[in-house]
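Here is a short report for a reader new to this structure. It moves from charge pairs to the overall fold, then to the core and the surface.

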Amino acid sequence: MTDPSDSRPERSTPDYSATATGLAPAAAPAAAPDDVRLETTQVAQPGLALPPRRSRAGLVVAAVVGFIVLALVMLFVLAYLFVGLGPAGVIIGGIMALVPLTIVFWGIRWIDRWEPEPRGALVFAFLWGAGVSVLIALIVDAEIQNVIAAAGLGEFGAEFFGAAIQAPIVEEVGKGLGVLLLFFAVRRHFDGPVDGIVYSAWVAGGFAFTENILYFGSELAAGGAPVEVFFIRGIMSPFAHVMFTAFIGAAIGFAAQRPGWFRGVVAFIIGLIPAVLLHAFWNGVLFFISDFYGYYLLVQVPMFLVAVWLVTLLRRQERRITFERLSEYSAVGWLHPDEVAMLASPGGRRAAMGWARSHGLAPLMKAFIRDATRLAYARQRVLADRDTIGAQADEAELLQRVAASRHALRGSAPTA
């Protein structure tokens, strides 16, 4: 494995965890059974079948209903695009829109790599952004255009109002509602600001995907060549919507670290303010500058770099929480201390996965790392008094799975 002294996470990261708020500490985890404690005197070198996950029939039914509704909305939005742009505009625009979507996908994957969110929740987030958020924007836009026409704002006034006032408010509310819905629906997988950023990024990525089809397809339908539009939207600023809505996701993520459902609603409103303001600035300033590319280098690039820096700090916090919580289980015999160091460092995880791949044990090691990380966050929820969402039940199930995967790794490891 790896040397714990070389792989422990940084300790200088500011403490944003639930334990930093003065909450009374929970009791230590239950001691490991004797057979588990005996095994953890040695490091499990990364097959037995793992225990099945708990069935959550109610959540499955709700998810099925939710996906059916999203599918119907997506069909309506697609019909709108085909009517407005024609088949060629939608198909070519969709292919072009895949480029910025792919860039966004890899960016979100980097953010979400440490403690990946459930795939079903991520797909739901994307479909909400690509369908429901777009539908909300279309409906509101149709109503507001009538009001603007009656107000007689003129061409410039109407365009400025639509881009710098209407679009930021309506679009961020539509996208943010999807993040808030996920806060209620998958609360046990909503553990902090990084999770909130991931969910909001998928919602925003879905919205940008449909919006890009509309922009690219409209340019094609008008007989133009959308090269510059594609370069500006698809290459220079694919993360624009992600940066706006990330404020909402991060705010809800911070609120998720405490018990209480109403905190999420308050956080949604708080996060909505900077999301709308940044979106309005991003759109509105384009009406008053003549050198867009100079503005992009001086303002938008530094803004993006600051966002990356902030996300990097939050990802370090995830590693710190993993180390501290798993250390508590190590102290009572569930894990070996060197395993904690491996599980709490990117280098340790890479080394373990490399070893596992060379011995045909990659799926088992991946499950061990995934369940141990989720165990750390289940413990974090216990400490934050969030057991109303099943933290202790999750802890018990994950302890069983981690112990079983350790046992399977040890039993499958070559002796030579």
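## Salt bridges: the term and one pair

A salt bridge is a side-chain nitrogen of Lys or Arg within 4 Å of a carboxyl oxygen of Asp or Glu. Side chains of opposite charge can pair when their charged atoms come close. Arg 370 and Asp 371 give one example, with their side chains meeting at 3.3 Å, N to O.

Asp 371 is buried, at 1%.

## About the model

This is a predicted model: local features need pLDDT of at least 70, side-chain atom pairs count only at pLDDT 80 or more, and totals for chains, interfaces and linings use all residues. Residues are numbered from 1 along each chain as its sequence is written, and side-chain values use heavy atoms, with hydrogens and water left out.

## Overall fold

Which secondary structure elements does the protein have? It has 14 helices and zero strands. Helices (H or I, at least four residues) and strands (E, at least two) are DSSP runs, numbered from the N terminus. Read from the N terminus, the order of elements is α-α-α-α-α-α-α-α-α-α-α-α-α-α.

The protein has 416 residues, and buried residues make up 52% of them. Its accessible surface comes to about 19,200 Å². Carbon and sulfur atoms hold 68% of that surface. Accessible areas come from the Shrake-Rupley method with a 1.4 Å probe; for residues, only the protein chains shown count as cover.

How many salt bridges does a search of the whole structure find? The count is 12. In one of them, the side chains of Arg 320 and Glu 324 meet at 2.4 Å, N to O. Both residues belong to helix H10, four residues apart, so about one helical turn separates them. Arg 320 is buried, with 4% relative accessibility. Arg 320 and Glu 324 also belong to a network with Arg 325, Glu 328 and Arg 379, joined by salt bridges that share partners.

Another pair is Arg 406 and Glu 339, whose side chains form a salt bridge at 2.5 Å, N to O. Arg 406 sits in helix H14 (residues 391-412) and Glu 339 in helix H11 (residues 337-343), so the pair ties together parts that are 67 residues apart in sequence. Arg 406 is buried at 1% relative accessibility. Glu 339 is buried too, with a relative accessible area of 0%.

## The nonpolar core

A nonpolar core is a set of buried Ala, Val, Leu, Ile, Met, Phe, Trp, Tyr and Cys residues joined through side-chain atoms within 4.5 Å. The largest one here has 60 residues. Which of them touch the most other members? They are Leu 182, Phe 190, Ile 197, Val 198, Tyr 199, Trp 202 and Ile 252. Several helices each supply at least two residues of this core, among them H3 (57-111), H4 (119-151), H5 (154-185) and H6 (193-221). H3 gives the largest share, 13 residues.

## Links across the sequence

Val 194 lies in helix H6. Val 194 is buried, with a relative accessible area of 4%.

Arg 316 is in helix H10. Arg 316 is partly exposed, at 29% relative accessible area. Arg 316 and Trp 114 are 202 residues apart in sequence, yet 9.6 Å apart in space, C-alpha to C-alpha.

## Surface patches

Patches are made of residues with over 30% relative accessible area and no salt bridge: like charges are joined within 9 Å, nonpolar side chains (Val, Leu, Ile, Met, Phe, Trp, Tyr) within 5 Å. Val 60, Val 64, Ile 68, Leu 72, Leu 75, Leu 78 and Phe 82 make a nonpolar patch of about 640 Å². Leu 72 is in helix H3. Leu 72 is exposed, with a relative accessible area of 54%.

A positive patch is formed by Arg 109, Arg 113, Arg 119, Arg 350, Arg 357 and Lys 366. Lys and Arg count as positive and Asp and Glu as negative; His and the chain ends are not counted. The place of a charge is taken as NZ of Lys, CZ of Arg, CG of Asp or CD of Glu. Lys 366 is in helix H13 (residues 362-383). Lys 366 is exposed, at 54% relative accessible area.

Methods:
Buried means under 20% relative accessible area, exposed over 50%, partly exposed in between (1.4 Å probe, protein chains only).
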